[in-house]
Amino acid sequence: MEIYLPIAQMSVQWPVVLGLGFAIGFLSGVFGVGGGFLLTPLLIFYGIPPGVAVATTANQIAGVTFSGVLVHWKRQTVDFKMGSVMVASGLVGSAAGVWLFAVLRRMGQAEFAVSASYVLLLGWVGAIMLQESMRTWKARQEGKSPTGKRVGQHNWIHGLPFKMRFRQSRLYISVIPPVVLGFVVGILSAVLGVGGAFLSVPAMIYILRMPTNVVVGTSMFQVLFVTASTTILHAADNYTVDTLLALILVIGGVFGVQYGVRAGAKLRGEQLRFLMAILVLVVAVGLLWQLVMRPDDVYSLTAGTP
Amino acid sequence: MRMLLAALVMLTAPALAEEGLTSGLSQDYLQITSTFAGSELTVFGDVENPAGQETRDIVVVVRGPDALMTVRRKDRIAGLWINNARAKMWLPAYYFVTATRPLGDIAEGETLRRYELGLNDLRADVTASDGDARPYIASLVRAQKRAGLYIQADSAVEMQSATLFRVHVPIPAAVPRGSYTVEVYLFRDGDVVAAQSTPFYVDQAGFERRVFEFAHTKPFTYGVFTVLMAVALGWASMFLFRNRV
């Protein structure tokens, strides 16, 4: 059941990788997030070199997201203008991120940078999810309906220049916030191998004030292009995209998403989010542990890189 | 330098002693087609005109192309283990050595070092960022041994008669393509009396290797292809599930 990955240059049990792709696809079907922020660290745990894990996860997200974009396109829940603005700056961000990654790799710090960023990112996301799910859970037990933050009609966003009309989102706002958001998500995608929906979806709702029905479709549209660009740039600059690994992960992923979507419809949201938060925090602690514990061998051979 | 020494020995050996050496390889071109199995090379030969009853030994060395390798050392900084120092060195990508007896019994350390016989006697051109290069080389040798790329086999030279010998050299799939050399040394009483060097070429043709070559020779096209493959799979899954969701 072993298969040799030509770019990662190691043998893996393909059923394990397929199962991993399925599990992450399932989670993204349930929660509507890409799952890259879990897939990359899990691949690193499994022994895949961090560079390959990051670049190949970006490729997997591009594949799994594509069908989602088509569905939202048919339902006309994609703001193409907003999406294009974010894609444009996202491509610049992704190029900057891949360049940054190549620099870190040459310094021998790419592995550390990826792990350390994940500890911070997962710790943060996990804590927010845990807090939110517990609050909702408690509110439901006390018989109150969970309420979101009251949103005012105007915020600081409206004071910025270069305003543009986004018909689909019924917004007339400055292009600066979407450009900055796209750029940041592009960098995250290149350095961490994530789609960035966990950041862009809340930002689109709370900062840009986009209508909720177009947020997911627009985010997916942006994720598709940015992860595709990240994959190609990593392949060209760092030679870290493993086609065979991506193939197995995508196959597992697309099946996982289908079952996840159906399972998600039957399960209670806040309980699931609570479990997901625990999982995210466990992965964060595991990665931190690897950084703190004395490694088996303090010397390591970097293959192929001068 | 090493090649020069071998050449010098080859030229002067017949004049110094009546003993000579003929050796050959099972093939001079090796194609590795499966990533799991690797391949094997057979080195065989004949000691010519054996004179008297002196102790005679044969040492066989196979060297791959030299490669620039980087070894990094982690140090504890603010409680975290971070790569902090590194050494770059030129060493063969593949190295195999064996003899009729343990190397230490055949010749003095000085002689073994001169011909680079044995994993501890490899000469590396090292630049270390912090003084002492030895732990870096030792760590590289450990890593290469684990990968099956550095092999020091004890007494793997099979004597088929008093003068005929044969050695099986395992070539793992992970070896890089390029020119390799097989060096055969004939020792008598601790000195090299004859030597022969034969080149051979390793090529790889497996599917995984082709993917690797594609990714490294046309990286941009490879990236585009990989994305298209992932997207096509995602799209295909829609048709598969269209009636079921």
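**Reading the contact between chains B and A**

The contact takes 50 residues from chain B and 54 residues from chain A, where contact means heavy atoms within 4.5 Å. This is a predicted model, in which local features need pLDDT of at least 70, side-chain atom pairs count only at pLDDT 80 or more, and totals for chains, interfaces and linings use all residues. Residues are numbered from 1 along each chain as written, chains are lettered from A in the order written, and side-chain values use heavy atoms, without hydrogens and water.

Q: What is the pLDDT average of chain A?
A: pLDDT is the predictor's confidence in each residue, from 0 to 100. Chain A averages 83, and 93% of its residues score at least 70. Over residues 148-152 of chain A the pLDDT is below 50, and this stretch has 2 contacts in the model beyond near neighbours in sequence. Where pLDDT is low, the predicted coordinates should not be read in detail.

Q: How much area do chain B and chain A bury between them?
A: The size of an interface is often given as the accessible area lost when the parts come together. Buried area uses a 1.4 Å probe and is summed over both parts. Here the two chains bury about 4600 Å², 67% of it on carbon and sulfur atoms. In chain B, B:R72, B:W81 and B:F241 lose the most area to chain A, together 15% of what that side buries.

Q: How many salt bridges and polar contacts cross from chain B to chain A?
A: A salt bridge puts a side-chain nitrogen of Lys or Arg within 4 Å of a carboxyl oxygen of Asp or Glu. The rule finds 0 of these between chain B and chain A. A polar contact is a pair of N or O atoms within 3.5 Å; within protein, one must be able to donate a hydrogen and the other to accept it, and residues adjacent in sequence count only if both atoms are side-chain atoms. There are 11 such residue pairs across the interface, both residues at pLDDT 80 or more.

Q: Which element gives the largest share of the side of chain B that touches chain A?
A: Helices (H or I, at least four residues) and strands (E, at least two) are DSSP runs, numbered from the N terminus. Helix 6 of chain B gives the largest share, 18 residues.

Q: Which salt bridge joins the domains of chain B?
A: Domain bounds come from an automatic or database assignment. For chain B it gives domain 1 (2-205) and domain 2 (207-245). The rule finds 1 salt bridge across their interface. The side chains of B:E213 and B:R177 meet in a salt bridge at 3.0 Å, N to O.
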